[in-house]
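Visitor: I would like to go through this model with you. Please put it up first.

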Amino acid sequence: MISVNGISKKFGKQEVLKDFKLSFDTGNSYAIMGPNGSGKTTLIKSILGMVLPDSGEILVKGQSIKGSESYRSSIGYMPQIGRYPQNMKVGQLFSMMKDMRPEIKNYDMDLVEAFELNKIKDKSMGTLSGGTVQKVSAALAFLFNPEILILDEPTAGLDPIAVEILKSKIQRERKAGKLILVTSHILSDLEELTNHAVYIFEGKVFFNDTIESLKEMTSEEKFSPAIAKLMQWTLKKKSTTYELTHA
Amino acid sequence: MLKLLKYALYDILKSRFAIIYTVFLALVAISIYQVSDDLSKVSLSLMNIMIMIVPLISAVFATTHFYNNLEFIELMLAQPVKRSQVFLSQLFAVILMLSLSILFGFGLPMLLWGADSSLITLLAVGVILSAVFTGFAFLASVLTRDKAKAIGISLALWIYFSLVYDGFVLYIIYSFADYPLEKATLGLVMLNPVDLGRILMLMQLDISALMGYTGAFFQKFFSSNMGLFIAGGTLALWMLFPNFFALRVFRKRDF
């Protein structure tokens with residue numbers, strides 16, 4: 001559904017993504033992992049068209065996203081830190097977002113109801129707590145029943161009840177056959193929500209396969225130690241390159 | 001596009017700045033009308049104030065508005081809307097608000113106490129200068145990633161066009177006083193939208209007769225159709241260029 005064909009992106013002198021290749025297929029749920037600054041958010045923002053890669057192309061449903069904006073109507077995006085107009089009320093924000101996609105008439109109100117967002121629809125966005133803003137972001141991402149869901153740190157800042165509500169919602173959407181991309185540093189969440197692991201290291205794909213084969217490869221039975229092993233390998237890889245440069 | 005503009009305008013009108021600015025302009029106009037009954041004196045005083053205040057407010061307000069609305073812009077960019085439409089809706093919202101403030105703030109006192117052609121020109125120049133300096137401000141905003149830097153650039157442009165440039169022109173005129181400078185000064189005036197606006201208004205008043213031979217030359221130039229066409233065209237370019245360039249940068253910017 002999404003294929004990323006060799007994109008590179010530099011911010012100043014720092015090369016965040018280097019000839020990055022990856023494809024995401026429908027019906028799978030991907031865990032995108034990597035240390036801070038490895039390029040996870042840049043990858044997501046490139047798919048959304050907010051960051052424009054220096055080279056390479058991204059195809060969504062077989063169409064290049066360059067210069068196109070209609071493809072975004074099939075993506076639901078939940079940002080890491082939701083930032084909304086401070087003066088706008090919650091209810092107005094929802095009606096505005098609906099206004100942006102007039103062709104979609106069936107709204108998925110599950111999360112709006114579960115998080116009881118109707119009760120706060122007259123509050124302005126500026127007065128909401130961080131967790132409540134996250135709830136609004138989550139509800140907006142699922143509102144239009146999108147085929148692709150991109151969730152950047154979805155559970156960060158949410159209370160335990162909200163986390164469970166959101167996780168069960170993601171599980172249901174996964175069963176409904178949607179493409180889901182999740183980034184998180186909470187490994188237990190990722191193990192529950194995804195079946196496919198992508199590990200990004202220094203702007204490149206270091207690992208990309210199912211969680212089963214990740215466990216097999218690392219000969220670990222559990223997810224967290226498997227990831228820990230993977231991280232150790234990246235460190236080794238780094239030290240070998242370090243030695244090479246001094247050879 | 002219209003939808004985006006609607007939400008952008010809604011947000012801007014809620015920020016209370018629009019009302020404060022309008023009331024401020026109205027108070028300035030009312031107090032000047034109270035001081036003098038002579039319409040040409042009124043329009044001269046109003047012009048002197050407007051030519052300083054309007055570009056300054058436009059530049060500072062547009063820059064802060066862009067940065068305060070960065071969240072909204074980012075939110076819109078993840079939606080199925082065109083980048084250029086996101087930008088233009090913000091731009092038009094700011095220009096519309098600044099223009100409406102001038103039209104109401106200066107226009108209502110004019111309706112009450114009368115106006116002549118120079119005062120109508122004053123309104124038009126006010127709207128044009130708002131658009132020009134909003135363009136500069138948006139350009140400064142899209143080129144930088146830091147609000148303070150963007151405001152600095154906007155203010156520097158304002159200082160340049162409102163103060164420094166005039167000094168530079170005066171210096172040239174004094175240094176080359178022995179040569180016929182009418183055409184050269186006309187050319188220099190075209191390179192500064194603030195001066196151009198000022199001259200356009202001055203030409204509506206009788207005082208151009210006090211400006212000697214250059215004044216007479218300007219009078220002749222700006223009262224001809226050709227002259228007005230060139231002046232109008234130059235002002236239009238001053239409005240279009242920064243805005244167009246800012247749009248181009250915005251379309252390639254990372255968020």
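Visitor: In E8(A), which residue is the bridge partner of A:Ala31?
Guide: Helices (H or I, at least four residues) and strands (E, at least two) are DSSP runs, numbered from the N terminus. Strand E3 (residues 29-33) of chain A and strand E8 (residues 179-183) of chain A run parallel and are joined by four bridges. In E8(A), the bridge partner of A:Ala31 is A:Val182.

Visitor: What kind of model is this, and how are its parts numbered?
Guide: Residues are numbered from 1 along each chain as its sequence is written, while chains are lettered from A and ligands numbered from 1 in the order in which they are written. Local features need pLDDT of at least 70, side-chain atom pairs count only at pLDDT 80 or more, and totals for chains, interfaces and linings use all residues, since the model is predicted.

Visitor: What are the scores of the model, and what pLDDT does chain B average?
Guide: The model scores ipTM 0.81 and pTM 0.86. pLDDT is the predictor's confidence in each residue, from 0 to 100. In chain B, 97% of the residues score at least 70, and the average is 88.

Visitor: Which strands stand at the edges of the six-stranded sheet in chain A?
Guide: Two strands pair if DSSP finds at least two bridges between them. The open sheet has the order E6-E7-E8-E3-E9-E10 in chain A, with mixed pairing. One side of each edge strand is left without a neighbour in the sheet because each has a single partner strand; the two are strand E6 (75-78) and strand E10 (204-210) of chain A.

Visitor: At what angle does helix H7 of chain A run to E10(A)?
Guide: Axes are lines fitted to C-alpha atoms, for helices over the stretch in contact (C-beta atoms, placed from the backbone, within 7 Å), and angles run from 0 to 180 degrees between N-to-C directions. Helix H7 (residues 211-218) of chain A lies across strand E9 (196-201) and E10 of chain A, and its angle to E10(A) is about 105°.

Visitor: Which residues have the most contacts inside the largest nonpolar core?
Guide: A nonpolar core is a set of buried Ala, Val, Leu, Ile, Met, Phe, Trp, Tyr and Cys residues joined through C-beta atoms within 7 Å. The largest one has 138 residues, and those with the most contacts inside it are A:Ala139, A:Ile150 and A:Val182.

Visitor: Which helix gives this core its largest share?
Guide: The share amounts to 14 residues. The helix is H6 (residues 117-143) of chain B.

Visitor: How many helices are there in chain B?
Guide: Read along the sequence, chain B follows the pattern α-α-α-α-α-α-α-α-α-α-α. There are zero strands, and the helices number eleven.

Visitor: Which helix supplies the largest share of the side of chain B that touches chain A?
Guide: The contact takes 19 residues from chain A and 18 residues from chain B. Helix H1 (2-14) and helix H4 (70-77) of chain B each supply at least two residues of that side of chain B. The largest share, five residues, comes from H4(B).

Technical notes
Buried ≥ 20, exposed ≤ 12 C-beta atoms within 10 Å, placed from the backbone. Contact = placed C-beta atoms within 7 Å.
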